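Let's walk through this one together, one question at a time. Have the picture open beside you as we go.

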Amino acid sequence: MCESCPIVDWEHELPTVRYFTATKVDAEMTEHIVWFDRYEPAHKPFVGGKNASLGEMMMAELPVPPGFAVTTVAYDQIWQDAQLVTQVNDLLRAIDHDDHAGNRVISDQIRTLIEAAPIPPEVADDVRQAYAALCTHCGIDDVPVAVRSSATAEDMPDASFAGQQDTFLWIVGADAVLENLRKCWSSIFTDRAIAYRHSMGYLHQSIAMSVGIQKMIDPISSGVAFTLNPTNGDRSQVAIDASWGLGEAVVSGEVTPDNFLVDKVLREVIERKISDKGVEYCLTDDGVVEKLEVTGARRKRPAVTDDDLTAIAILARRAEKHYGCPQDVEWALDKHLPPGENVVMLQSRPETVWSQKPKTPITTDGYDPMKSIVSTLMTPLNNKTD
Amino acid sequence: MNNSFPSPFEIEGPDGVEGWEELYPYSSSFSEYRKDYEDNRFWFWDSMHWGKALTPWDATFMEAALAALSQMNSRHYRIPPADGVDFRILYGYAFLSPVGVDPSQIEARVPQFMERAGHYFGNWDSLYDNWLNKVKTTIEEIESINFDPLPEMEDLEVITGGSAIGSGATLMSEYNRFKDLIMQAWQFHFEFLNLGYAAYLDFFGFCKEAFPSIPDLGIAKMVAGVEVDLFRPNEELKKLAQKAVDLGVARNFDDPDNVTLDGEGGAQWQAAWDEAKDPWFNFTSGNGFYHFDKIWVENPDIPYTFIRDYIARIEAGEDISRPIDAIREERDRVVSEYRDLLGSDEDREAFDGKLGLARVVFPYVENHNFYIEHWTMSVVWRKLKELGATLEKDGLLASADDLLFIRRDEVNEVLWDYYANWAVNAPTASAAHWGPIIDRRRAIHAKLDGWQAPKALGAPPEVITEPFTIMLWGITSESVNNWLGSDGDAENELTGMAASPGTVEGVARIINSPEEVNDLQQDEILVAPITAPSWAPVFPKIQACVTDIGGMMSHAAIVCREYGVPAVTGTGFGTDKIKTGDRIRVDGSSGKVTIL
């Protein structure tokens, strides 16, 4: 048992634990489900950062694939099972933080317990109903969805480390959704997450898990967009990376994506670098992600059209306007949506490099037309531009 | 890579042009007198305005223009770092060289400039109204010049009025008045232009600082006027095409070389034409600087052809009207979005101020071209032809257009001969004296005209700083390096200014002169040394436009943006590298042209 670890009171605190103080929300939260398109900022503590961000994007009228969050209220329900609480606490007590291999075994045991425990019936019913509604909305029976953990943590700067973020793609049918919902819940207790909380001195119960259930998209191509020019911080451009298939090939560094610069205002592509894109990750009909070789002319063909780029740039700009600061956006072109409406956005977060640099104002001493013209004439134009 | 262009003294012209210098004033030639000065300068061929070998008379307008431009910089407004743009004629072609101010003198000129330019910026609108009046008066005065043949006998009024001044003396003074009015018109041409560019560049520089990668086009879009006199001739053509359809005379234009207008409808259409033509069809197919430029009022087959094409579009159900509201809305959108992206309220204030000033000055920048290059020059060329016809009729010259090969100041000698021998009633010497000279000059000129002038001469400066050179000619340190071949464009690629956005692929057609404009087929890509505003009616037909020379504010750039046609200007070698029939890709957003 670990003397310094602040989990010792887990057993006693858990049944009454309040993850969030009442001051953060206007009303007591009781809902198990929050649809992304009905998201309100007051929901944030109950849906976690990732789901909140999708809800916020919907509020900004950004084309996010439809879906809903299973709230932390639902997650709390699993700890109504006193036997489960006791078993988890017994295992946590047995942890020796210097024994990494042993801890993995304990982590697996905890996760197995959570995944084997029956989902409280009122939660399961709500999730089944919501999934059915999503299927109706999409016009597809058993619509394939992505199931993602969206951890939420009080007073913690980085909830994504404190709780492991698991994502399960191409989940089909209500039973499979429920199964993966439990996997997301249990991912709070991965060995890495346990160790991280230990090293940071965080309480295990300070983490709660919301889970996002979102219509799966099947991308022709995907990529990221920065709402500024990363080479010089010019805010009037959007830099867009694009590659075939899912984003994995670019994330893993196996492919150099096409790179474009689009003027936000003129809505024109002003620079383009087309790369040789040798591989792509695609979803097979069974929903398995598969790495494929890109062949023939497609390798060196742009992964997006100019119209796509303009649409992505307009949406990225919309996100930037909504959030009030430069954004780093993940986007994809969905195969199953008609051209012109097929750009979807998966994530939008603040751009960090240029946004943190203090912006030097151009006009510092008030605007004097004649002085300004003289200075323009005296300073050779070429010395001013880059 | 070379780091210098050949010296003007090393250039070998075409064979058989010995004595070519006599076609032009000695002050415009490279010579031993100023060799040190000339050899240490950078000269570029202004093919944008003077792409063909100049005749002696054509040279007049180049010299008048450059002297007036220079004088406004150096003597009127005291532009602190820039004096004039020097000019020379080498084997018939105009070479220009921006002249900077001695650095030690720059500071002293600042208060002078602030006072003088400040007066103009502060009173721009009233000065511009006054300018329009002055120019119209000047045009009327040129129109009023009398180059009629000398009479057999003076009118009785000369006797009864007691004036004693005869038609011969009057003709000589009318000719001098003609030359003076030409100089006057060119003073007016540059009265506001340099200041207009300065205000534009101030806004331009600000935008480049705020948005380092902003395309020049974005800046031009914010400043460009919506209703511009330069577009009026083309708008009048559209109205006349609509009128022809409405009046049921559309078929009369099927053969533009043989348009007859009869009946009630024809008469009404003719009345509409007569109303539009003055002044709007004093519009030349070229840039107004050359005697061979075709003026619409004198060559109605040109506007009739355009009208025929517009009629076809109207009959096909197309809306050919200019979407003024949409253009204005788009301009407002672009302005407000860039403005929103600025970092501070102080920057927004400066942005508003600079854009405001640029917009005050810009109508002049856009419109002067119609009033001087088109309208004034149409009248000037008409008058010169009248004088030539008079001299031919009375046997001073073998043919009217011999006059083009006599330098403007030599013409005074011809007129003296005319006057004196009219007075004496004796034979003139001019035809015999000038005959062989003109034959020789014509032969030389024909050879010069077939010669390819070098892009540039002498040693380029480290950086090109003269603002007007950058703004108007699009000559920057970059483009000069391009000419020197250091940029290493691939064999099938050309780089120029991204002048009007969009990317298209299509078949190229090289158009070297205005006469060839109507050869353009639907959806071809126009490739030309430079285009003229009067080519506007063919722009709906073409997919894209590529020019050898010209900046963001060159006519091609303005017209292409107006018509939403992708354009790359200032490629340097477009008409050399591309052949008619080549498949090319024009990317007007990045300024790249690729031969496929």
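Q: In what order do the 6 strands of the open antiparallel sheet in chain A run?
A: This is a predicted model, where local features need pLDDT of at least 70, side-chain atom pairs count only at pLDDT 80 or more, and totals for chains, interfaces and linings use all residues. Residues are numbered from 1 along each chain as its sequence is written, while chains are lettered from A and ligands numbered from 1 in the order in which they are written. Strands (E, at least two residues) and helices (H or I, at least four) are DSSP runs numbered from the N terminus, and two strands pair if DSSP finds at least two bridges between them. With antiparallel pairing, the order in chain A is β9-β8-β7-β6-β12-β13.

Q: Which are the edge strands of that sheet?
A: An edge strand here pairs on one side only. From one strand to the next, the twist averages 20°, with axes being lines fitted to C-alpha atoms (for helices over the stretch in contact) and angles running from 0 to 180 degrees between N-to-C directions. The edges in chain A are β9 and β13 (343-350).

Q: What is the strand order in the open sheet of 5 strands in chain A?
A: Here, too, the pairing is antiparallel. The edge strands are β1 (33-35) and β4 of chain A, and neighbouring strands are turned by 25° against each other on average, direction ignored. Going across, the order is β1-β2-β5-β3-β4.

Q: What angle does the direction of α2(A) make with that of β3(A)?
A: α2(A) packs on the sheet, touching β1, β2, β3 (145-153) and β5 (207-215) of chain A. Helix α8 (residues 174-186) of chain A packs on the sheet as well, touching β2, β3, β4 and β5, and its direction makes about 30° with that of β3(A). For α2(A), the angle with β3(A) is about 125°.

Q: How many residues of domain 2 of chain A are in contact with domain 1?
A: The bounds come from an automatic or database domain assignment, giving domain 1 (10-215) and domain 2 (219-350) in chain A. Their centres, taken over C-alpha atoms, are separated by 29 Å. Two residues are in contact if their C-beta atoms, placed from the backbone, lie within 7 Å. By that rule, 11 residues of domain 1 of chain A meet a domain 2 set of 12 residues.

Q: How many nonpolar residues are on the side of domain 1 of chain A that touches domain 2?
A: Elements giving two or more residues to this side are α2 (44-59) and β4 (167-171) of chain A. Ala, Val, Leu, Ile, Met, Phe, Trp, Tyr, Cys and Pro count as nonpolar, Asp, Glu, Lys and Arg as charged, and the others, Gly among them, as polar. The side has 1 polar residue and no charged ones, and its nonpolar count is 10.

Q: Which element gives the most to the side of chain A that touches chain B?
A: Across the two chains, 36 residues of chain A are in contact with 48 residues of chain B. β8 (258-263), β9 (268-273), α12 (369-378) and α13 (381-384) of chain A each supply at least two residues of that side. With 8 residues, the top contributor is α12(A).

Q: How do α4(B) and α13(B) lie relative to each other?
A: The axes of helix α4 (residues 124-144) and helix α13 (residues 345-393) of chain B come within 10 Å and cross at roughly 5°. Angles under 35 degrees count as roughly parallel, over 145 as roughly antiparallel, 65 to 115 as roughly perpendicular and the rest as oblique. So α4(B) and α13(B) are roughly parallel.

Q: What average pLDDT does chain A have?
A: pLDDT is the predictor's confidence in each residue, from 0 to 100. Over residues 1-27 of chain A the pLDDT is below 50, yet 87% of the chain A residues score at least 70. The chain A average is 82.
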